[in-house]
There are 2 protein chains.
Amino acid sequence: MTPNPAARPAGSTDAALSDLQQSLGAKVVVTEAVREQHGIDEGWHVGHAPDAVVFATSLDDVVTTVRVCHAHHTPLIPFGAGTSLEGQIAALRGGVSLDLSGLDRIIEVNVGDLDCRVEAGVHRVALNDRLQRDGLFFPIDPGADATIGGMVATRASGTNAVRYGTMRDSVLGLTAVLADGSIARTGTRARKSSAGYDLTRLLVGSEGTLGVMTDVTLRLHGIPEVIGGAVCGFATLRGAVDTVIQVIQLGIPIARVEFLDAAQVAACNAYSDLDLPERPLLLMEFHGSPSAVDDQSAAVRELASANGGADWQWSTDTETRNALWKARHDAYYAALALRPGCRGIPTDVCVPISRLADCIDQTRDDLETTGLTATIVGHVGDGNFHTLPLFDPDDQAEREAVEAFHDRLVHRALEMGGTCTGEHGIGYGKLAFMSQEHDVASLAAMRAIKSALDPRGILNPGKVVPA
Amino acid sequence: MTPNPAARPAGSTDAALSDLQQSLGAKVVVTEAVREQHGIDEGWHVGHAPDAVVFATSLDDVVTTVRVCHAHHTPLIPFGAGTSLEGQIAALRGGVSLDLSGLDRIIEVNVGDLDCRVEAGVHRVALNDRLQRDGLFFPIDPGADATIGGMVATRASGTNAVRYGTMRDSVLGLTAVLADGSIARTGTRARKSSAGYDLTRLLVGSEGTLGVMTDVTLRLHGIPEVIGGAVCGFATLRGAVDTVIQVIQLGIPIARVEFLDAAQVAACNAYSDLDLPERPLLLMEFHGSPSAVDDQSAAVRELASANGGADWQWSTDTETRNALWKARHDAYYAALALRPGCRGIPTDVCVPISRLADCIDQTRDDLETTGLTATIVGHVGDGNFHTLPLFDPDDQAEREAVEAFHDRLVHRALEMGGTCTGEHGIGYGKLAFMSQEHDVASLAAMRAIKSALDPRGILNPGKVVPA
């Protein structure tokens with residue numbers, strides 16, 4: 001947890017801290033516990049504590065912090081809820097963690113336009129609690145109760161993406177404080193625009209390396225009249241995946257479709273006290289009018305049957321549904337609980353859906369050959385799946401075996417035309433994969449953009465773009 | 001039509017042409033007719049002929065051309081079908097027009113993944129002809145039979161965007177030759193990724209100023225089982241727009257919903273020999289299973305009735321439907337035909353849908369006060385509408401009145417939280433609006449990105465980003 005002072009000009013942080021304390025007083029915190037907590041996220045990577053944490057409560061605070069860090073060439077790392085998985089918040093070169101959780105206002109909700117503007121520190125669950133009053137919801141659900149700013153930063157998605165898209169599709173515009181402290185408001189409230197470079201989309205997924213997002217305008221959706229949930233077990237993984245491929249090809253607007261392998265189902269049964277059939281499983285959700293939901297679910301049930309699906313369980317009851325999705329969202333903890341005391345590498349490859357069954361099959365074989373404990377769970381409609389191979393933190397050989405497995409998995413996904421990360425992002429944990437996934441010219445373009453927008457390299461250094 | 005040699009280093013184009021002729025031989029054309037045709041698009045802006053046209057037929061040809069232009073600091077302007085509207089292809093500073101229509105291979109169609117990879121010069125109608133064989137279609141239809149590369153460059157959309165999105169949402173990845181001749185392949189075939197900066201989205205809408213797109217991977221959709229079309233007249237514009245707002249709020253997945261004002265309906269009736277009711281009109285289309293289409297259309301018909309809609313005409317017959325949509329796509333020519341010999345400024349503002357009725361009402365009033373002839377037609381589900389105020393090219397005062405009207409319209413849209421262009425792009429025709437729509441920091445960021453990726457400023461100079 002020690003920052004590496006050699007990586008920055010000596011004394012830069014001390015001078016910056018003194019300036020920050022003068023401007024922001026008690027909002028600047030340097031206690032060890034707070035610094036350490038801001039340097040480590042929910043993933044498995046080593047934490048790096050910042051030298052100080054600034055608790056911003058306004059755009060002005062953010063501008064002040066960025067200007068001071070810019071003046072002193074001090075690293076600045078934006079912080080939301082700390083729920084990232086790839087070390088995005090680690091202060092690799094020390095500096096200042098800028099905690100945005102105090103920017104938590106829901107600025108406006110426009111029912112007529114199905115959009116809202118919220119500050120970056122608003123949590124997604126709190127937003128949905130507020131939206132419910134107007135019959136609206138924000139569909140992106142990465143599992144964790146992340147902040148909207150953090151979800152923008154990592155280009156998050158989750159279980160609803162098959163129908164509602166990802167953060168890439170959900171952000172109409174945003175306010176970002178750029179590296180020099182200038183304020184850029186990108187996008188408009190119009191649904192589309194061809195007016196210049198898409199700065200919004202460039203900032204979505206930039207993980208705090210190009211600017212500090214302070215507020216975001218989001219697309220919303222009306223809460224569906226009916227929500228129907230289904231669970232269906234399959235004899236084989238391939239039967240489950242083929243069902244989903246056919247659903248997508250037929251254009252059935254399924255809202256959620258999640259795959260759990262038998263090991264994950266068993267883990268969820270144990271952890272969440274359920275009795276789901278311990279076979280390859282699809283958890284599904286359908287949104288719409290009563291007849292639309294009936295239509296969609298009947299069509300999917302038929303496809304499932306034809307692909308070896310059985311034990312179709314159907315529910316429109318909120319409580320049953322919530323229990324199931326709670327279990328799904330707790331899948332990560334359920335998997336960790338398989339070997340108490342162990343840690344896991346949450347892998348995140350995404351492949352063309354036609355290759356998904358192959359990719360999961362080969363990955364399952366690899367796990368068996370390697371003798372690793374791991375479950376598989378996937379946003380199967382997107383071709384995105386997670387494994388969580390476990391390792392004993394005290395067993396270096398096992399850890400290396402897990403890392404080697406992860407390397408092979410990424411290589412397999414890239415060979416199939418996929419990506420090393422569907423939704424978790426790069427942080428510093430996946431930095432090495434960037435040059436496997438992207439060609440020389442693309443990496444050079446990313447570096448050129450980073451240098452152009454942050455010539456002093458103060459914004460979240462050491463992340464996303466390999467040096 | 002004369003280029004302005006003062007804007008580039010003297011002699012640079014001559015030297016470049018000599019190099020190009022040596023490498024590419026007969027693919028380099030300098031005849032006046034070809035040059036002039038490549039300098040002027042379908043809009044109303046003055047053309048600027050390039051000094052030469054290169055007819056590329058391969059990625060290698062593109063790389064060669066870019067490298068030569070880079071070496072000699074010679075402007076290079078990518079050319080697709082020439083159907084742009086804002087002077088995107090004008091060779092403002094002379095140089096080389098790079099005609100990509102020879103890159104017209106459909107490289108692959110992946111039915112299982114609902115995607116395809118095509119060269120930039122493929123036309124959208126030809127693509128759909130090919131896709132039909134596999135029961136697929138590509139929904140983006142800007143009206144003109146543009147090339148896919150051109151549609152990527154301008155971030156095009158059209159009548160299907162309300163359901164299927166725009167080019168922003170439809171491009172999974174692309175190959176771009178960057179300013180130094182290096183080849184960047186962005187994106188993957190996976191549906192989503194969080195691996196680094198979204199170069200794909202940065203290039204979509206960059207109008208040839210950041211790179212030359214040579215091939216594109218596109219998302220496709222299954223041809224719906226049933227396509228139902230409806231026409232409905234309204235007593236008032238507001239009744240039509242309110243209907244659409246309610247449709248969107250209820251989440252009814254309408255595939256197309258186009259507004260025509262009474263003047264546009266009259267123009268279409270005259271031009272396309274139809275007898276549509278000459279009132280504010282909605283043209284609609286519903287895609288899905290028979291029961292889904294029935295459901296959706298019944299729900300919309302009820303909403304329309306409640307908002308003063310009448311004379312609901314329904315058809316699932318392909319011929320009737322095609323005639324209607326042909327008339328819709330010919331609306332531009334129908335409007336021009338109202339005053340033969342005149343030209344028109346095709347405006348393209350887009351506003352939040354809650355402000356659309358206000359914006360159209362005020363614009364209609366403005367037209368009447370100013371005494372201009374113009375029709376209004378809109379992608380009302382997106383909040384995007386076009387007027388086509390006509391002017392006699394020999395009447396300087398009338399032209400100025402039309403331009404002043406356009407300025408007021410853009411100002412009105414921006415005040416309402418909208419954009420100066422929903423889908424036509426900036427080119428050089430709307431360059432002056434960029435600094436009205438974007439703040440200083442955003443424009444500075446765009447300029448920094450342009451300089452970083454094209455330090456010599458050779459790629460389509462004078463477009464998109466104001467100096």
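**Exercise 1.** At what angle do helix H9 and helix H14 of chain A pack, and how far apart are their axes?

The model is predicted: local features need pLDDT of at least 70, side-chain atom pairs count only at pLDDT 80 or more, and totals for chains, interfaces and linings use all residues. Residues are numbered from 1 along each chain as its sequence is written, and chains are lettered from A and ligands numbered from 1 in the order in which they are written.

*Solution.* 
- Step 1. Locate the helices: H9 covers residues 237-249 and H14 covers residues 356-370, both in chain A. Helices (H or I, at least four residues) and strands (E, at least two) are DSSP runs, numbered from the N terminus.
- Step 2. The packing angle is about 155 degrees, and the axes are 9 Å apart. Axes are lines fitted to C-alpha atoms, for helices over the stretch in contact, with angles from 0 to 180 degrees between N-to-C directions.
- Step 3. On the H9(A) side the contact uses A:Leu237, A:Arg238 and A:Val241; on the H14(A) side it uses A:Leu356, A:Ala357, A:Ile360 and A:Asp361. Contact requires C-beta atoms, placed from the backbone, within 7 Å.

**Exercise 2.** Give the strand order of the open sheet in chain A, then trace the pairing of E6(A).

*Solution.* 
- Step 1. The five strands follow the order E5-E6-E10-E8-E9, with antiparallel pairing. Two strands pair if DSSP finds at least two bridges between them.
- Step 2. At the edges lie E5 (106-110) and E9 (183-187), each pairing on one side only.
- Step 3. From one strand to the next, the twist averages 10 degrees.
- Step 4. E6 (residues 115-119) is joined to E10 (residues 212-219) by five bridges, and A:Val118 stands opposite A:Val216 in E10(A).
- Step 5. Towards E5(A), four antiparallel bridges are found; A:Glu108 has A:Arg117 in E6(A) as its bridge partner.
- Step 6. E5(A) and E6(A) form a hairpin with four residues between them, and A:Leu114 in the turn has a positive phi of about 55 degrees.

Definitions and conventions: Two residues are in contact if their C-beta atoms, placed from the backbone, lie within 7 Å.
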